[in-house]
Amino acid sequence: MADPKLDPALLDPTRLAILALLAGTEWAEFAFVRDAVELSDSALSKRISMLSDRGYVEVRKGYVGKRPRTWINLSTAGRTALSAHVAALRDIAARVDRSD
């Protein structure tokens, strides 16, 4: 049996949490994601930049009234990566269950 393929980018629990959160939303506002994963603006921005560089998230900037806003969306590549990573985690968990 082949070893499960974990995505190195998603081994960080916070990046995994961001993608999991985005999987259930469409174009989530930055502040919503920040509050949900309990990060500072700066820390979330760094993680979003990394995920965007990998093509896992799309970022849209705009305004609501005169206030700047940022929205984040899970891309198709991100959804595929998340699904594969979760499948690998499930495979690992099943191996542990079988060894008990």
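Reader: How does one read relative accessibility, and what does Ile-92 count as at 33%?

Author: The general idea is a scale with two limits: a residue is buried under 20% relative accessible area, exposed over 50%, and partly exposed in between, with a 1.4 Å probe and protein chains only. Ile-92, at 33%, therefore counts as partly exposed, and this residue lies in helix α4, residues 76-99. Helices (H or I, at least four residues) and strands (E, at least two) are DSSP runs, numbered from the N terminus. Please keep in mind that this is a predicted model, in which local features need pLDDT of at least 70 and side-chain atom pairs count only at pLDDT 80 or more, while totals for chains, interfaces and linings use all residues. Residues are numbered from 1 along each chain as its sequence is written, and side-chain values use heavy atoms, with hydrogens and water left out.

Reader: Which residues form a nonpolar patch on the surface?

Author: A patch is built from residues with over 30% relative accessible area and no salt bridge, where like charges are joined within 9 Å and nonpolar side chains (Val, Leu, Ile, Met, Phe, Trp, Tyr) within 5 Å. Here Leu-89, Ile-92 and Val-96 form such a patch, and together they have about 210 Å² of accessible area, a value from the Shrake-Rupley method with a 1.4 Å probe, for which only the protein chains shown count as cover.

Reader: What is the order of the strands in the open sheet?

Author: Two strands pair if DSSP finds at least two bridges between them. The three strands of this open sheet follow the order β1-β3-β2, and their pairing is antiparallel. The edge strands, each pairing on one side only, are β1 (28-29) and β2. Strand β3, residues 67-74, is joined to β1 by two bridges, and in β3 Trp-71 is the bridge partner of Glu-29. Helix α1, residues 13-23, packs on the sheet and touches β1, β2 and β3, with a direction at about 90° to that of β3. Such angles run from 0 to 180 degrees between N-to-C directions, and the axes are lines fitted to C-alpha atoms, for helices over the stretch in contact. Helix α3, residues 41-53, lies across β2 and β3 and runs at about 125° to β2.

Reader: Which residues does Val-59 touch?

Author: Contact means heavy atoms within 4.5 Å. Val-59, found in strand β2 (residues 57-64), touches Trp-27, Ile-48, Ser-52, Thr-70 and Trp-71, when residues up to four places away in sequence are not counted. With a relative accessible area of 37%, Val-59 is partly exposed.

Reader: How many salt bridges does a search of the whole structure find?

Author: A salt bridge is a side-chain nitrogen of Lys or Arg within 4 Å of a carboxyl oxygen of Asp or Glu. The search finds six, and one of them joins Arg-54 to Asp-7, whose closest N and O atoms are 3.6 Å apart. This pair links distant parts of the chain, since Arg-54 is in the loop between α3 and β2 and Asp-7 in the segment before α1, 47 residues apart. Asp-7 counts as buried at 11%, whereas Arg-54 counts as partly exposed at 41%.

Reader: Where do Asp-12 and Arg-47 lie?

Author: Their side chains meet in a salt bridge at 3.5 Å, N to O. Asp-12 lies in the segment before α1 and Arg-47 in helix α3, so the pair ties together parts that are 35 residues apart in sequence. Another salt bridge joins Asp-41 and Arg-34, at 2.9 Å, N to O, and Arg-34, Asp-35 and Asp-41 are linked in a network.
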